[in-house]
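Please look through the sequence and the model shown here before reading on.

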Amino acid sequence: MMIKTIMAGFGGQGVLMMGYSLANAAMLEGYQVTYLPSYGAEVRGGTANCTVAISDEEIASPVASAPDYLVTLNAPSLFTFQNRIVPGGGIFINSSIVRENPIRKDIECFRVPAGEMAEQLGEPRSVNVIMLGAFLKKMGLVSAETYMKSLKQIMGERRKAVMEINKKAFMAGQNLL
């Protein structure tokens, strides 16, 4: 099994954190993982994306030339990356700000109103965690428990309030799909 995913959006939306936390969770479950971040020089507000490959066998290259999935937080990322997804793959779209639909008809599309859900939780910066919750629920790559353990390792013990917000956001995404 090899699953390759591109996660993309604007800098400051937590795209790289989304990919890093997924990669870490997959490692905790014993998978082979590559994580390849990419971002513009301006970082916040510029473009940001990362590729995460998860496999039960050794991964030869961190470059995902034919990714299976796209998790996109904005419209420019949808149009930049949708044609790279393999036929039969899937796109997870933050439908709160992306009104457009993919032009591809050979992929499955999952619309997640992550922005509205984050507002309802009272934490607009949790869009990325909501999206990842929905993605992991649908894909079944790692368990919710492992993901939360991974996030706790990354965030550290001193950020309990942020962890509680992220737990609520992740579970909201899990419960959506």
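## Terms and basis

A residue is called buried when its relative accessible area is under 20%, exposed when that area is over 50%, and partly exposed in between, with a 1.4 Å probe and protein chains only. The model is predicted, so that local features need pLDDT of at least 70 and side-chain atom pairs count only at pLDDT 80 or more, while totals for chains, interfaces and linings use all residues. Residues are numbered from 1 along each chain as its sequence is written, and side-chain values use heavy atoms, with hydrogens and water left out.

## Helix 1 and its cover

Helices (H or I, at least four residues) and strands (E, at least two) are DSSP runs, numbered from the N terminus. In helix 1, the buried residues are V15, M18, G19, S21, L22, A23, N24, A25 and A26. Their cover includes strand 1 (2-10), strand 2 (32-39), strand 3 (47-55), strand 4 (69-72), helix 4 and helix 5 (144-155). After helix 1 comes G30, which has a positive phi near 90°.

## Helix 4 against helix 6

The axes of helix 4 (residues 127-139) and helix 6 (residues 160-176) come within 6 Å of each other and cross at roughly 40°; such axes are lines fitted to C-alpha atoms, for helices over the stretch in contact, and the angles run from 0 to 180 degrees between N-to-C directions. The two helices, helix 4 and helix 6, are therefore oblique to each other, given that angles under 35 degrees count as roughly parallel, over 145 as roughly antiparallel, 65 to 115 as roughly perpendicular and the rest as oblique.

Contact means heavy atoms within 4.5 Å. On the helix 4 side, V129, I130, L132, G133, A134, L136 and K137 meet N166, A169, F170, G173 and Q174 of helix 6.

## Two buried residues

N49 is part of strand 3, and because its relative accessibility is 15%, N49 counts as buried. Apart from neighbours within four places in sequence, N49 has contacts with M7, A8, V15, L16, L36, P37, S38 and F81.

M148 belongs to helix 5 and, with a relative accessibility of 14%, M148 also counts as buried. Again leaving aside neighbours within four places in sequence, M148 is in contact with M163, N166, K167 and F170. From C-alpha to C-alpha, M148 and S21 are 9.2 Å apart in space, although 127 residues apart in sequence.
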